[in-house]
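Subject: Structure handover

Hello,

Here is the structure we talked about handing over. My notes on its core and pockets follow below it.

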Amino acid sequence: LHDALPISGNGIADVTYSYNTVTARSNSASNSNYSDYDGSGSNNLFFGLNSFFAINEIALSGQTTFALSFGTEMYRGSSYDNTFDHDIFHVLVSSDGEKWVELDYSFANGDPNGRWDLATSKFSIKEAVSKLYIYFKADMGSIFRLDDVKLMPTIQMSLMSQRKSRP
């Protein structure tokens, strides 16, 4: 799966993946006519039955606020409602790979219906940690895809407001 979801940037030296019933696919690309964002295309991850995909041991250097984005698609078939269902696709984070916190995420133009789109979650952790783990879990098999996962540190809003108020 390393080739299907290539990684780059700071903090990747020790990154590993763990997964169950997730396969790399090249059909239904994230940059196709079925996409509402400019995805990378080519390969993506397809979630089978009882599936999860984890990105482990992302090294951090003091950051506590983040924006996580990822391309995703939910498609059950043409005779079903394919509106993205957050209740059966979960995104969680952990500082130790054992205790997890589920994140809320959203799509800029509302939940897509059977199309690729970019989801975003903004979150913070209480104190700086050395590693971060990201876990994607599908409760229903063979309807979800994942691509273009990106984790970026962000500036806390209170700091931004303080800087703007200074002369």
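The largest nonpolar core in this predicted model has 32 residues. Those with the most contacts inside this core are F47, F53, F70, F89, F136 and F144. Two or more core residues come from each of β1 (16-25), β2 (44-59), β3 (65-74), β4 (89-94), β7 (117-124), β8 (131-138) and β9 (144-153). β2 gives the largest share, five residues. In soluble globular proteins, nonpolar side chains tend to be buried together.

For F144, leaving aside residues up to four places away in sequence, the contacts are L45, F46, F47, E73, M74, F84, D85, I88, F89 and A138.

On to the pockets. The largest has a volume of about 710 Å³. Its lining consists of 30 residues, and S8, I12, V149, K150 and L151 lie nearest the centre. By class, the lining of the largest pocket splits into 16 nonpolar, 10 polar and four charged residues. β2 and β9 each supply at least two residues of this lining, and the largest share, seven residues, is from β9.

The second largest pocket holds about 260 Å³ of space. It is lined by 13 residues, with V93, S94, S95, V101 and I125 nearest its centre. β4 and β7 are the elements that give two or more residues to this lining. Seven of the residues lining the second largest pocket are nonpolar, three are polar and three are charged.

Regards

Methods. Residues numbered from 1 in each chain as written. Predicted model: local features only at pLDDT ≥ 70, side-chain atom pairs only at ≥ 80, totals over all residues. Heavy atoms only, no water. Core = buried A, V, L, I, M, F, W, Y, C linked by side-chain atoms within 4.5 Å. Buried < 20%, exposed > 50% of the residue type's maximum accessible area, 1.4 Å probe, protein only. Helix = DSSP H or I, 4+ residues; strand = E, 2+ residues; numbered from the N terminus. Contact = heavy atoms within 4.5 Å. 1 Å grid on protein atoms, 1.4 Å probe; cavity = no way out; pocket = protein on both sides within 12 Å on 5 of 7 lines; lining within 4 Å. Points joined across faces, edges and corners; volume = space filled by probe spheres on them. Nonpolar A, V, L, I, M, F, W, Y, C, P; charged D, E, K, R; others polar.
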